[in-house]
Amino acid sequence: SDLGQTGAQIDDLSSLVKQRLVALYKGGDSTLAQSILTPGPAAEVLNDFIYLQKIVQHDRELLGGYQLRLNHQNQNLQQLASLRQNQLRLKKEMEKEQQEMLQLTKMKEALLQKVRKDKNSLSRQLTELQGRAKRIDGLIRNFEATRNRQPSTPGTLFSGQKGRLSWPVNGRV
């Protein structure tokens, strides 16, 4: 909006400057010299000189305002270009971060699938190992039960009883 306002002011001042330049061109350089060198009462020459001074001062202010507005507009355009560059840079950074996040999301999904697959595999292995542990435990119990049932035969040497003797106690020794 600031650029639009400055542009409108520049257009207005530009038309005034053009009108003034046309008037100066049509009047020629002789206007100032004629007004000062024209014979007549001194008060009239002084009034003409004061009017010309005011006209020149007004022309200077008009051109100064025009130049000031042009400079302001150029600064605004440069600032706008800088902001656009910054915006494009930030947009590229954001797109790059989005790509990285997308890749991380894909990696996370792949890892999650692998963990689920490993969990299922480990669950099956655990079930198998528990079944084996039960079978081994059953075998150990059967072995201990059959071992306890085998009586030692009296009258044989101790060394001959190897493997047939019952455990002296149940539990940890």
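User: What makes up the secondary structure of the protein chain in this predicted model?

Analyst: The protein chain has 3 helices and 0 strands. Going along the sequence, the pattern reads α-α-α.

User: How do you know which helix to trust, going by confidence?

Analyst: Look at the mean pLDDT, which is the predictor's own confidence on a scale from 0 to 100. Helix H3 (residues 42-149) has the highest confidence in the chain, at 89, while helix H2 (residues 30-37) has the lowest, at a mean of 60. For the protein chain, the mean is 82, and 81% of its residues reach 70 or more.

User: Why is Asn 76 called buried?

Analyst: Buried means under 20% relative accessible area. Asn 76 comes in at 12% relative accessibility, so Asn 76 counts as buried. Asn 76 lies in helix H3, by the way.

User: What is Asn 76 in contact with, once its neighbours within four places in sequence are left aside?

Analyst: That would be Asp 2, Leu 3 and Thr 6. Being called a contact takes heavy atoms within 4.5 Å.

Key
Residues numbered from 1 in each chain as written. Predicted model: local features only at pLDDT ≥ 70, side-chain atom pairs only at ≥ 80, totals over all residues. Heavy atoms only, no water. Helix = DSSP H or I, 4+ residues; strand = E, 2+ residues; numbered from the N terminus. Buried < 20%, exposed > 50% of the residue type's maximum accessible area, 1.4 Å probe, protein only.
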